[in-house]
Amino acid sequence: MSDQAANLREKLQFAKQPKSKVIGIVSGKGGVGKSNFSLNFAISLCQKNKKVLLLDFDVGMGNIDVLLGTVTNLSIIDIFDKNLTIRDIMNIGPIGLKYISGGSGLSSIFSLSETKLSHLFNELDDAMEEFDYIIFDMGAGVSEQTIKLLSAMHEIIVITTPEPTAIMDAYAMIKHLVLNQVSAKLSMVINRINSQKEGESVHLRLGHAIKHFMNVEVNLLGMICDDPSVRKAVISQKPFILHTPSSQPSKNIEFISKKYVNEDFNEQPSHSFIHRMKSLFLKR
Ligand SMILES: Nc1ncnc2c1ncn2[C@@H]1O[C@H](COP(=O)(O)OP(=O)(O)OP(=O)(O)O)[C@@H](O)[C@H]1O
Ligand SMILES: [Mg+2]
């Protein structure tokens, strides 16, 4: 009997183990390539048979639709306004990618009443567990609300370019996260490099300053070359890994997602994103 009870307890614990890993894509400076990275990284993970949900969380400036050349009219707020479920507002993108558009809705979810927010979290809880990865394309900079959202996540990827202004702003963003005790694993991606050497020098300088002044390790997830094919793909409204698969940035994304999936293999999410969101946003 006690064996059976132990068995059941083990099964329940296993069932509770969160499956989805929630990743926030942020930057200090705007326009450094967050949306392009989020979308192409997400599609590349789908190409590896991962189930991915991409959320366009760029307040008021949602760009994923524009990068995909699609028009979607529904956003999170329609769950309440039009009485829809979370699955109704999910769009299907290339390679089976699911995404939720920014619209104007996502920016106002934090001002919802407790009852509505609680209902939203329950909706998300059901839907999210089917995904391996949930990727939030965040806007540049942070507010008090986005810091809370980021502190519920498992991992944060900071995007920068080699420009001194972008590096300074990435440093300031990481400092802000650390000072606010955001415990998510931190990684960086250096976008728009002109040479491997240039990227390595950015990583060395930024990584060293962060380690020295904040005593925090930021893992280098990868680097992406500066290449005209990205701009061409944006103009064609097609993700660049599908528009020009043989380009250097496409190969860089492939390398990053392969490395990411391999390194991620043994790392189970430490907590449930939704449970943490509930404890951060709902008074109990
Ligand atoms: N690797 C690259 N090579 C060449 N151009 C690039 C590269 N990455 C981004 N760009 C250019 O930078 C532009 C901005 O990229 P993107 O929209 O992804 O930035 P963002 O960080 O999401 O911007 P925002 O802060 O406004 O949300 C792209 O439209 C493209 O022209
Ligand atoms: Mg963007």
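Because the model is predicted, local features need pLDDT of at least 70 and side-chain atom pairs count only at pLDDT 80 or more, whereas totals for chains, interfaces and linings use all residues. Residues are numbered from 1 along each chain as its sequence is written, and side-chain values use heavy atoms, with hydrogens and water left out.

A pair of aromatic rings is described by the distance of the centres and the angle of the planes. Here, rings of Phe, Tyr and Trp (its six-membered ring) pair if their centres lie within 6.5 Å, and planes under 30 degrees apart count as stacked, over 60 as edge-to-face and the rest as tilted. By this rule the count is 6 aromatic pairs. In one of them, the ring centres of phenylalanine 57 and phenylalanine 136 are 5.6 Å apart and the planes stand at 55°, so this pair is tilted. Since phenylalanine 57 belongs to strand β2 (residues 52-57) and phenylalanine 136 to strand β5 (residues 133-140), the pair ties together parts that are 79 residues apart in sequence; helices (H or I, at least four residues) and strands (E, at least two) are DSSP runs, numbered from the N terminus.

Phenylalanine 136 also pairs with phenylalanine 273, with centres 5.7 Å apart and planes at 55°, so this pair is tilted. Phenylalanine 273 lies in helix α12 (residues 273-281) and phenylalanine 136 in strand β5, so the contact ties together parts that are 137 residues apart in sequence. Both phenylalanine 136 and phenylalanine 273 are buried, where buried means under 20% relative accessible area, exposed over 50% and partly exposed in between (1.4 Å probe, protein chains only). Phenylalanine 57 is buried as well. Elsewhere, Phe37, Phe41, Tyr133 and Tyr260 form one aromatic cluster.

Strand β1 (residues 21-27) is joined to β6 by 4 bridges, and the two run parallel; two strands pair if DSSP finds at least two bridges between them. Isoleucine 23 has glutamate 155 in β6 as its bridge partner. Strand β7 (residues 185-193) also runs parallel to β6, with 6 bridges joining them, and valine 158 stands opposite methionine 188 in β7.

Terms used
Chains lettered and ligands numbered in written order.
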